[in-house]
Amino acid sequence: MEKQIQTIDEKKFFRLPFDEGTHCLSEEILNANSKFRKPPYYYRIETSKLHFKNEVLTLSVKLPDEPKKLVYLKVTEKELLVSCNFDTDQNYLSRYAYFTLLKHMNYEDKACFKKFYWPNFFDQMTGSSKYFKITNDRRGFDIELRPKYPTFYKPGDDLLILQTKLQTQEAKTYNKISLDDLPDTDYAIGFCLADTHLSSYHSNHYPFLVPFHGLLSKDRERIKNFTCFHLSETDSNELILSQTQKELSRICFKMRELAPLSNSDWQDIFVANEEELENGKQLFKLWQQAYELILSQKHTYFFHTRGLRNVNGKPSRSWMRPCEFKKETPHLVIKRIDKGEYYKIELRFKINGKLNIPQYPNLAFFIRPKTNWLKKYLLGSFDDYLVSSFFARTQYKMAVLKPHYKGAFEDFMNSLAERYEIIEA
């Protein structure tokens with residue numbers, strides 16, 4: 001049975017709509033399209049995935065005291081197409097198909113078929129695909145893109161919607177500022193960029209600046225011991241601060257008020273709610289105010305916090321990394337590379353005309369060169385941050401099959417072309 005290959009007329013598939021914006025089928029929709037129901041007692045349903053060819057997943061199903069049957073599933077953008085080698089057509093869903101789908105429902109009474117959504121990725125003559133590797137063994141059924149290919153856009157995937165009436169702000173040019181000339185003391189104030197990965201479950205804040213102080217080395221060139229973070233303006237009362245440092249500290253405390261996020265879902269992509277997005281815009285404005293001031297400071301660090309709870313007390317030496325804030329404004333560039341059957345889309349940025357590859361993972365509001373991730377460049381606008389964050393989801397490179405380029409993806413690229421340089425390759 002397992003060697004049989006389906007030759008099914010798509011017109012004979014029964015169609016079940018997915019929950020809007022997902023590839024999930026709910027038990028409610030399944031029941032609304034069938035007279036069958038889950039028994040009130042334990043009912044043994046045995047299913048196994050046999051193969052995935054020409055976009056069709058073939059499964060075997062065994063119901064109590066009955067011979068095995070075959071069920072065929074095809075995932076489209078908005079519907080699940082279902083067929084069976086017994087008693088299913090476009091108007092009727094067989095018992096075998098119903099119980100196969102029911103078997104795949106999780107504790108939320110839903111079944112997700114996103115991993116089987118690969119439109120136009122198969123060779124119709126052979127039924128196989130050169131784009132990914134399919135493994136079917138005792139550890140499960142896996143579909144993996146081959147390493148040579150980046151993440152592919154597929155019709156229906158979310159794209160960044162840019163506001164056509166909102167023009168990207170003109171990037172600031174920061175002047176070279178002299179370092180503060182302060183009296184010699186044993187202690188000095190410094191500032192660290194507190195950052196964390198927004199897509200992590202434990203990440204609960206935007207990047208913000210934190211003042212701290214520590215004990216200087218004998219040559220007074222570096223901080224050898226970190227004393228404490230400043231959580232209020234009174235924490236610096238015993239220190240000698242310049243006017244620049246006092247102003248920068250005030251901005252730091254304003255930043256901290258706007259930084260918190262409530263990333264409470266286990267998800268690979270951080271999605272800000274309306275309030276968090278507005279706080280992000282206000283926080284970015286504070287970064288613009290602070291940036292020329294931070295360029296004048298000698299002791300600047302990067303701190304990967306792993307959550308706000310760690311921005312407290314004494315800074316951990318092993319977590320504090322000296323970093324350099326750069327005065328140049330990065331200019332985002334989109335590369336579109338024709339690979340024959342698909343386009344490869346990459347995000348790059350220019351500094352003084354030189355093209356750079358961004359460091360992954362991304363740092364919100366900033367961009368960093370892969371060659372030296374401790375160099376920080378503040379992006380020219382909040383729009384730039386949204387674009388860089390979008391591309392960071394796929395490690396700054398993605399692909400789109402040419403049949404999928406027309407429509408939503410082409411509109412997306414045209415909106416980018418209105419604001420950013422597009423390089424053809």
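This is a predicted model: local features need pLDDT of at least 70, side-chain atom pairs count only at pLDDT 80 or more; totals for chains, interfaces and linings use all residues.
Q: Then is K326 buried or exposed?
A: K326 has a relative accessibility of 17%, so it counts as buried.

Q: Which residue does K326 form a salt bridge with?
A: The partner is E324, and the closest N and O atoms of the pair are 2.9 Å apart. E324 has a relative accessible area of 38% and is therefore partly exposed.

Q: Where is K376 found?
A: K376 belongs to strand 21, which covers residues 375-378.

Q: What is the nearest side chain of opposite charge to K376?
A: That side chain is D195, at 6.9 Å. K376 is buried yet has no salt bridge.

Q: Which backbone oxygen lies 2.9 Å from a polar atom of the K376 side chain?
A: The backbone oxygen of W373 lies at that distance.

Q: What else does K376 touch, not counting residues up to four places away in sequence?
A: Its contacts include E324 and K326, the two residues of the salt bridge discussed above. Among the others are Y291, F302, C323, F325 and R368.

Q: Changing topic, how many salt bridges does the count come to?
A: The count comes to 18 salt bridges. One of the pairs is D19 with K110, whose side chains meet at 3.1 Å, N to O. D19 lies in the loop between strand 1 (14-17) and strand 2 (24-26) and K110 in strand 7 (residues 110-112), so the pair ties together parts that are 91 residues apart in sequence.

Q: Which residues are linked in a network with K344?
A: K344, E346 and R348 are linked in a network of salt bridges. The side chains of K344 and E346 meet at 3.3 Å, N to O, and both residues are buried.

Q: Where does S217 lie?
A: S217 is in the loop between strand 12 (208-216) and strand 13 (223-229). With a relative accessible area of 7%, S217 is buried.

Q: Which side chain does the S217 side chain make a polar contact with?
A: The side chain of D219 is the partner, at 2.5 Å. S217 also touches R222 and K224, not counting residues up to four places away in sequence.

Q: Finally, why is helix 2 largely enclosed by the rest of the structure?
A: Helix 2 spans residues 95-103, and seven of its nine residues are buried, so the helix is largely enclosed. The buried residues are Y96, A97, Y98, F99, T100, L101 and L102.

Conventions:
Residues are numbered from 1 along each chain as its sequence is written. Side-chain values use heavy atoms; hydrogens and water are left out. Buried means under 20% relative accessible area, exposed over 50%, partly exposed in between (1.4 Å probe, protein chains only). Helices (H or I, at least four residues) and strands (E, at least two) are DSSP runs, numbered from the N terminus. Lys and Arg count as positive and Asp and Glu as negative; His and the chain ends are not counted. A salt bridge is a side-chain nitrogen of Lys or Arg within 4 Å of a carboxyl oxygen of Asp or Glu. A polar contact is a pair of N or O atoms within 3.5 Å; within protein, one must be able to donate a hydrogen and the other to accept it, and residues adjacent in sequence count only if both atoms are side-chain atoms. Contact means heavy atoms within 4.5 Å.
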